[in-house]
Amino acid sequence: MGVVARTVPRLHVARLLGVLAARVSESVHLQFVLEWVRALCVEFGTIVRQHAALFAAPLTAVHRAITMRADQLSATANANRNTTAYLRVLLGLGGKAASAGIEPEPMSADAGSADEGASGSGDSEGADSGVEMDES
């Protein structure tokens, strides 16, 4: 990237940083875009420092876009970690999920009532018909 970044004319660096800021928030090729930002900052760092007012807006946009994307990725990673821990508990794999104190939730309210009727503890017709079948 550094070799290509060197060929960018100085007049276009600020505008290119602005374009890259927009691409950070929408591109699936995040690493590629971030490497471009890094290469431009390494190559033109002294010029950016000398003309700080000119580069303030694009660099702020890059910073804001990277921060938003990092927050999104962090939320996704946390959700994936929690889902994985929950699935490990459901599958009985234990490990960190079991020590995290994650308890599996019941399937549904209907599943609990169906189990009660099959055990004979309720006064439903299903329980009575089960008794009749045992006697005959």
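Me: Which residues in α2 meet Leu-30, Val-33, Leu-34, Trp-36, Val-37 and Leu-40 in α3?

Reply: On the α2 side you've got Leu-16, Leu-17, Leu-20, Arg-23 and Val-24. Sorted by class, this contact has ten nonpolar, no polar and one charged residues. Here nonpolar covers Ala, Val, Leu, Ile, Met, Phe, Trp, Tyr, Cys and Pro, charged covers Asp, Glu, Lys and Arg, and the others, Gly among them, are polar. Contact means heavy atoms within 4.5 Å. Mind that this is a predicted model: local features need pLDDT of at least 70, side-chain atom pairs count only at pLDDT 80 or more, and totals for chains, interfaces and linings use all residues. Residues are numbered from 1 along each chain as its sequence is written, and side-chain values use heavy atoms, leaving out hydrogens and water.

Me: How do I read the packing of α2 and α3?

Reply: Two packed helices are described by the angle between their axes and the distance between the axes. Axes are lines fitted to C-alpha atoms over the stretch in contact, with angles from 0 to 180 degrees between N-to-C directions. For α2 and α3, the angle is about 155° and the axes are 10 Å apart. That's why α2 and α3 are roughly antiparallel, a label for angles over 145 degrees.

Me: And at what angle do α3 and α5 pack?

Reply: About 150°, with axes 13 Å apart; α3 is residues 30-43 and α5 is residues 52-91. So α3 and α5 are roughly antiparallel too. In this contact, Leu-30, Leu-34, Val-37 and Cys-41 of α3 meet Leu-59, Val-62, Ile-66, Arg-69 and Leu-73 of α5.

Me: Which residues of α3 are buried?

Reply: Buried means under 20% relative accessible area, exposed over 50%, partly exposed in between (1.4 Å probe, protein chains only). In α3, Leu-30, Val-33, Trp-36, Val-37, Ala-39 and Leu-40 are buried. Their cover includes α1 (2-6), α2 (13-26), α4 (45-50) and α5.

Me: Is Ala-57 buried or exposed?

Reply: Ala-57, which sits in α5, counts as exposed because its relative accessibility is 57%. Its C-alpha atom is 9.5 Å from that of Leu-17, 40 residues apart along the chain.

Me: How many helices and strands does the protein chain have?

Reply: Helices are DSSP runs of H or I with at least four residues, strands runs of E with at least two, numbered from the N terminus. The protein chain comes to eight helices and zero strands.

Terms used: Angles under 35 degrees count as roughly parallel, over 145 as roughly antiparallel, 65 to 115 as roughly perpendicular and the rest as oblique.
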